[in-house]
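Here's a quick briefing to read with the model open beside you. Take a look at the fold before going through the points.

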Amino acid sequence: MPTYVPPHMRKVQSDEQVTSSVADRPRAYDRNDIGLFLNVQSIQIHTFTVSPPADPATDKGELRGIVLYRNQHPDWDSSHQVLCKSNLDILQDIGLAMPLSDESGSPMNDMSPPKPVYPVFEQSKGVRKGRFSFAGWFRISSIEILEAHSPRLIDIFSRKLGVDGKESKRSVEGWRDSFSHPWAVVTLEKDKTRLDLPRVPKHSRPPERSNKVNELLKASREAARNPPMVTNAAQPDLL
């Protein structure tokens with residue numbers, strides 16, 4: 001039986017429910033937000049986003065975060081596996097630096113430093129394709145490099161094509177090009193003890209790009225409001 005609510009409290013309760021439901025919604029991030037949080041330009045965002053090297057001759061950059069695009073990782077929901085082909089050199093270095101593990105997956109050296117955690121952003125499903133939700137903080141558990149045209153790579157791509165039962169619009173040439181490159185399968189492990197969310201201050205957002213058309217229109221409107229002063233020129237003597 002529903003609880004009786006006095007008339008004067010019904011609107012208050014309704015407002016509280018709306019406020020609560022809005023607060024409980026997951027934060028949505030766009031590419032600019034992610035770029036600001038990872039301290040990279042939005043054009044530099046990849047599945048495994050790496051910071052620009054300070055000195056390209058000696059530095060490769062460092063892994064900052066992981067961005068998952070929709071329908072690109074068939075084994076993400078089941079086993080937190082990510083498929084990628086960018087920044088493989090960085091991933092190989094991370095794999096070489098990972099501590100050796102025994103058959104149970106436990107590190108053989110108890111003195112080894114803890115694995116770093118990385119923020120993972122997942123592209124939202126539905127109509128908000130340009131938005132991302134925060135999936136959590138994850139550690140890299142294992143890295144497997146797949147050679148071009150390898151049977152395992154072909155198997156993963158065959159399942160990737162069937163994600164959500166949608167056919168791919170990529171051309172045959174596009175898929176041939178994809179198979180001709182090595183890829184990596186990276187298994188992640190969620191850090192369940194870390195619950196904080198990435199926060200992007202509003203004042204840190206990059207300024208909007210100037211629109212030359214709008215600038216011209218604005219200048220035209222100002223010129224119309226403030227026409228230049230025209231002096232009466234001397235009239236020629238018609239006599």
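In which sense do strands S2 and S3 pair, and over how many bridges? They run antiparallel, with three bridges between S2 (residues 48-50) and S3. Keep in mind that this is a predicted model.

- S3 spans residues 63-68 and is mostly covered, with five of its six residues buried.

- You'll find Pro 114 in the loop that links helix H4 (88-97) and S5.
- Pro 114 counts as exposed because its relative accessibility is 71%, and the cut-off for exposed is over 50%.
- Arg 139 is 25 residues from Pro 114 along the chain, and their C-alpha atoms are 9.6 Å apart.

**Phe 179 in helix H6**
- Phe 179 is part of helix H6, which covers residues 172-179.
- Leaving out residues up to four places away in sequence, Phe 179 touches Ala 148, His 149, Leu 153, Ile 154 and Phe 157.
- Phe 157, one of those contacts, is 22 residues from Phe 179 in sequence, with 8.8 Å from C-alpha to C-alpha.

Notes
Residues numbered from 1 in each chain as written. Predicted model: local features only at pLDDT ≥ 70, side-chain atom pairs only at ≥ 80, totals over all residues. Heavy atoms only, no water. Helix = DSSP H or I, 4+ residues; strand = E, 2+ residues; numbered from the N terminus. Contact = heavy atoms within 4.5 Å. Buried < 20%, exposed > 50% of the residue type's maximum accessible area, 1.4 Å probe, protein only. Pairing = 2+ DSSP bridges.
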